[in-house]
Amino acid sequence: MRREHTKFMKDRRGVSDALVMLLLLALGAVVVAGIASVLMTKTPKQTAPIATISITPTQGNVLIKHEGGDSIAYTDIQVMVYSYPSMSAATGYPKTLNDADQTTELNPDTLFNLGDVRALSDLDSGTYLVELLYIPTQTKIASTIVTVS
C-alpha cells in the first residue's frame with residue numbers, strides 16, 4: 001500500500017492543467033477589475049439645461065422669458081443676434097443675458113428662473129435671428145427669428 005501512495009504522489013499529470021486554469025482565472029479577474037476601474041472613474045459629460053424659453057418681439061424690444069424647466073445662471077447664457085437674412089452679427093453682440101435689460105425678475109438672484117423676463121432694447125428696426133447659447137457646452141437652447149419695429 002505504501003508503494004501505491006508514493007506512486008500517486010509522483011504522478012503530476014493533472015497539476016499543470018489545474019495551475020493553468022487558476023492563472024487564467026486570476027488574469028481574467030485582473031482584466032475585469034482594470035476595465036471596471038477605468039469606466040467607473042470617468043466623469044459624466046456636462047449637458048445643457050433643459051428649459052423652455054420664449055423670444056418675442058414687442059414695440060422696439062425683444063423679450064426673453066423663462067417659461068419653465070431648469071434654472072440657468074445669467075452669466076452662462078450667451079445672446080447672439082444676427083441681422084436676417086445676411087447673418088452678420090448685430091452691433092454689441094454677442095453678450096451674456098446678464099447684460100440684457102431686466103424687466104421682470106420674480107426672485108432676484110443670479111439665476112434665470114421660471115417667469116423671469118429680460119429685454120433686448122438696443123436693436124434697431126429690422127429682422128433678426130436671436131439665439132441663446134449655454135456657454136459651458138456651447139449648446140443652443142433657444143433660437144427665433146423676430147422683427148423689431
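**Close-up views of a predicted model**

**View 1. The salt bridge between K95 and D122.** At 17% relative accessibility, K95 counts as buried, because the limit for that class is under 20%. The structure shown here is a predicted model, and in it the side chain of K95 meets that of D122 in a salt bridge, with 3.0 Å from N to O. K95 belongs to strand β5 (residues 95–96), while D122 lies in the loop between β8 (117–120) and β9 (126–134), so that the pair links distant parts of the chain, 27 residues apart. As background, side chains of opposite charge can pair when their charged atoms come close.

**View 2. The salt bridge between E131 and K140.** The count for this model comes to 2 salt bridges, and in this one the closest N and O atoms of E131 and K140 are 3.1 Å apart. E131 is buried, with a relative accessible area of 11%, whereas K140 counts as partly exposed at 48%.

**View 3. The aromatic pair of Y74 and F112, with R118.** The model has 1 aromatic pair, formed by Y74 and F112, whose ring centres are 5.6 Å apart and whose planes make an angle of 50°. This pair is called tilted because planes under 30 degrees apart would count as stacked and those over 60 as edge-to-face. Y74 lies in the loop between β3 (72–73) and β4 (77–83) and F112 lies in strand β7 (residues 111–112), so the pair ties together parts that are 38 residues apart in sequence. Y74 is buried at 1% relative accessibility, and F112 is buried too, with a relative accessible area of 0%. The ring of Y74 also has the charged end of R118 sitting over it, 3.9 Å from the ring centre.

**View 4. A nonpolar surface patch that includes L24.** This patch of about 1000 Å² is made by L19, V20, M21, L22, L24, L25, L27, V31, I35 and L39. L24, one of these residues, lies in helix α2 (residues 13–40) and is exposed, with a relative accessible area of 52%.

**View 5. The protein chain as the setting for the close-ups.** Of its 149 residues, 29% are buried, and its accessible surface comes to about 10000 Å², of which 59% belongs to carbon and sulfur atoms.

Technical notes. Residues numbered from 1 in each chain as written. Predicted model: local features only at pLDDT ≥ 70, side-chain atom pairs only at ≥ 80, totals over all residues. Heavy atoms only, no water. Phe/Tyr/Trp six-rings, centres within 6.5 Å; stacked < 30°, edge-to-face > 60°. Helix = DSSP H or I, 4+ residues; strand = E, 2+ residues; numbered from the N terminus. Buried < 20%, exposed > 50% of the residue type's maximum accessible area, 1.4 Å probe, protein only. Lys NZ or Arg CZ within 6 Å of the ring centre and 35° of its normal. Areas by Shrake-Rupley, 256 points an atom, 1.4 Å probe, with all protein chains shown as cover. Patch = residues over 30% accessible without salt bridge, like charges linked within 9 Å, V, L, I, M, F, W, Y side chains within 5 Å. Salt bridge = Lys/Arg side-chain N within 4 Å of Asp/Glu carboxyl O.
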